[in-house]
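Colleague: I am new to this structure. Please take a close look at one part for me, the place where the chains touch.

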Amino acid sequence: MSTLLEVSGVSVSFDGFKAINNLSFQIGSAEMRAIIGPNGAGKTTFMDIITGKTKPDEGRVIWGEKSVSLLKMSEARIARAGVGRKFQRPTVFEDQSVFDNLLLALRKDRNPFAVLLYKRNAPDTEKVHDLAAQIGLSDQLERKSGELSHGQKQWLEIGMLLAQEPRLLLVDEPAAGMTPEEREHTTAILVEAARTRAVVVVEHDMEFVRRLNCRVTVLHEGAVLAEGSLDHVTSNKHVIDVYLGR
Amino acid sequence: MTRSLFARNPSVLVFLACLGLFTLGVTALSEALGTGMISTSFVKTLGKTLSLSLIALAMDLVWGYTGILSLGHFAFFGLGGYMIGMWLMYERTRDIVVTSMANADIPPTPQEITDAIGNQIFGVVGGSDFPLIWAFSHSLALQLILVVAVPGLLALVFGWLAFRSRVTGVYLSILTQAMTLALALYLFQNDSGLRGNNGLSGLQNLPGLDDVPQSVVSLWFFWASALALGLGYLFAAWVVSGKFGSVLRGIRDDEARVRFLGYSVEGYKLFIFTVTAVISGIAGALYYPQAGIINPAEIAPIASIYLAVWVAIGGRGRLYGAVIGAAFVSLVSTWFTGGQVPSIPLGFYTIDWVDWWQVVLGLSFVLVTLFAPKGIGGLFDYFTGRKPPNRHGKDLGPGSGSLKEQEAEA
C-alpha cells in the first residue's frame, strides 16, 4: 500500500512549550487510523500542522505520489489537494440551508470567477441528495443548518467532508455528544469512507476506537508513544502509565 | 432547483418596480417634463440620494454579506467623482477659453489655449501647468475608464496588501480609515494636482450643452442614477444569491471554515472589495455632477463612517435595507440640516436642528444597534412574518462580522 501522507521529525513549540516534539507519522492511501492521547498530547496541533494552520519549526510533511511538501501551501490549497478536516465542535454555516452547506463543500472549481458563474445543475443536485441520504438529513435539506440538533450538525459536517471528496479525512472527536445509535451510524460512515481513502480519527472514547477496529497511534507530550492494534497499545506499559493508568 | 433569479428573490422585482415608479413619478412632477411640483434642486437631491443608495449597496455587499467593515469606501466614491470632474472642468473651461479667445485679432495657437485653460483651472492654487494626472482630461471616454479603473486599482492594491496579511476585524477597519484619511490629506495639498482644498467646481454644467437648462440636466442625471442603482441592485442580487453569495456569507460567519473547504478566502475578499470599490466609483461619478462641486473634505473619514451608519440603520445583510437606510437617512439629514425644521424653544435654550441633527443621528444609530439590529429593513419582516432564529443570544458564527441572532432569518 502506497503512503499518502508522511510526517517526519516535526517539532513545534509555542512560547517555549514543545507542543510537538520530533513527531513522525505515516498513513496509507486507504487506511483508518485512530489517534488517542491525554489532553495536551498535541493531537489538535498535529492536525493544525497537516492542514496548514500551524507551521512547524522543523520537520517535513510530504503528501501524495508526487511527494510534495504541504508546508509551503496555504490552508485552502492543502484542502484543495485533498485534505479534509472536521473540527471538534461542529462548524457548519448556520445561516445557510443544509443544501447550501453541502453544495458549498462539493468538489468543484474553487476559483472566484468559476464560483460566480456557477449554475446549479442536475448532477450536483443529485450528489447533494445522495450525501444527505447518507448522513440521514434528506428531509432537512431546506432547513437552516443552525436549527439542527448537535448530532445532526456533526453529521452535516461529516457530509460536507465527504462532499469535498478528500483523499485524507482528519476527524476530531466525531462522536462527541452523540447518542449510541448516532455513534453507530457515524462509525459505519467512517469505516465505509476508509475503504477508498485515508481516515485519521482523533478520539477520547476507547469504546468508539475499539469499534473502528483499526491501527492506533498513541500520542504523548507531542511524540508517538506507541503504535499498533488497540490491544497491542493498551497492553504497552508506557501507555498504561501515562494514559490508561490514571 | 434552477429557478430564476427573480423567483428566488421576489424582493428584487418589488424593488425594481418601486424604483421605476419612483423615477416616473419624479419625472412627472419635475420642472422640465412635468407639473413642476418638484423643484430642480430637489430633483438633484433625489438623484444624489439614488447615487448614495448605490454606494450603500456596495457597502452592504462588503460589510453585510462578507463581514468586512470597510470604513474607506467613500474614498473610492470621491475618486470616481474626481475622475469625471476632471473632464467636466477641463472641457467646460476649454469652451470658455476658446470662446473668449475667438475675438482676438490673431487666432490663438493650441499651446496658448492649453496655457489659458491651465491658468483658469490652476490659478487658485498658484499654478498654470497641467499636472501629469490630467493627461487624459480632454477625453470623456478615457476619464470614464478612469472612473472605474482608479478606485478599482487602489482597492486591488490596498486589498491585496491587507487581506494577504490576514488583517481582519477592527484592525482592517482602522486600516481602511487610514487609507481614506491619507488620501484626503494628500488631496488637500495644493500641489496634489487636483486644486487642493478648492476641489473641482462647476461640475453641474455639461460642456457644450450650455443651452440645455439645468432642469433638464438634473433629470438626465436623476435617470442615470436610477438606472445605475437598478443595474447595481440586479448585479448585487445576482452575486449574493448564488454559490458565490454562499461563500461570502460563509466568510462573514466563519472565515477559517471556508478556508478549510478549499476556498481562497483572500481571493474572494479581494474580489468583492475591488468590485464594490468600482461600484462606489461609478456612484461617485454620478453624484458629484449633481452636487456641482467636489473637494477633499468629501473623502474625510467621517463620510465612510456615515456610510456604515446608513447601512446599519437600514439593516445590513439585505440589499433593500442598505438602499432604504441610505435614502432615508440622507434625505432626513438634508431636511434637518437645510434649516427647514422649526427650532424648539425650551425657554432657557433653543434646540436648533442644524446643530442637533448629528446628535439625533448618533443616538438613533446607537439605539438601532442595541434594540433593532435589523434596522428599518426589519419592518418588512414584521409585516411578512419572517422571524429570527431562537439561538439564545448566540451569533451565527465566530467571525467578528458574523450575523447576530436578531439579524438572521429562521
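Modeller: Here is the contact, followed by the chains that form it. Keep in mind that this is a predicted model.

Start with the contact itself. Chain A brings 27 residues to it, and chain B brings 30 residues. On the side of chain A that touches chain B, the elements giving two or more residues are helix H2 (75-81), helix H3 (98-105) and helix H4 (112-116) of chain A. That side of chain A holds 11 charged, 10 nonpolar and 6 polar residues.

Now step back to chain A. Its fold has 10 helices and 10 strands. Along the principal axes, the C-alpha atoms of chain A fill a box of roughly 55 × 40 × 35 Å. The radius of gyration of chain A is 18 Å, which agrees with the value near 18 Å for a compact globule, because chain A has 246 residues. Of those residues, 45% count as buried. Take the contacts in chain A with a separation of 6 or more: 67% of them come from residues 24 or more positions apart.

Then the partner. Chain B has 15 helices and 4 strands. The globule rule gives 22 Å for its 410 residues, and the radius of gyration of chain B is 23 Å, so chain B is as compact as a globular protein of that length. Its C-alpha atoms fill a box of roughly 85 × 55 × 55 Å, taken along the principal axes. In chain B, buried residues make up 46% of the 410. Among contacts in chain B between residues at least 6 apart in sequence, 74% link residues at least 24 apart.

Definitions and conventions: Residues numbered from 1 in each chain as written. Chains lettered and ligands numbered in written order. Predicted model: local features only at pLDDT ≥ 70, side-chain atom pairs only at ≥ 80, totals over all residues. Contact = placed C-beta atoms within 7 Å. Nonpolar A, V, L, I, M, F, W, Y, C, P; charged D, E, K, R; others polar. Rg over C-alpha atoms; globule rule 2.2 N^0.38 Å. Buried ≥ 20, exposed ≤ 12 C-beta atoms within 10 Å, placed from the backbone.
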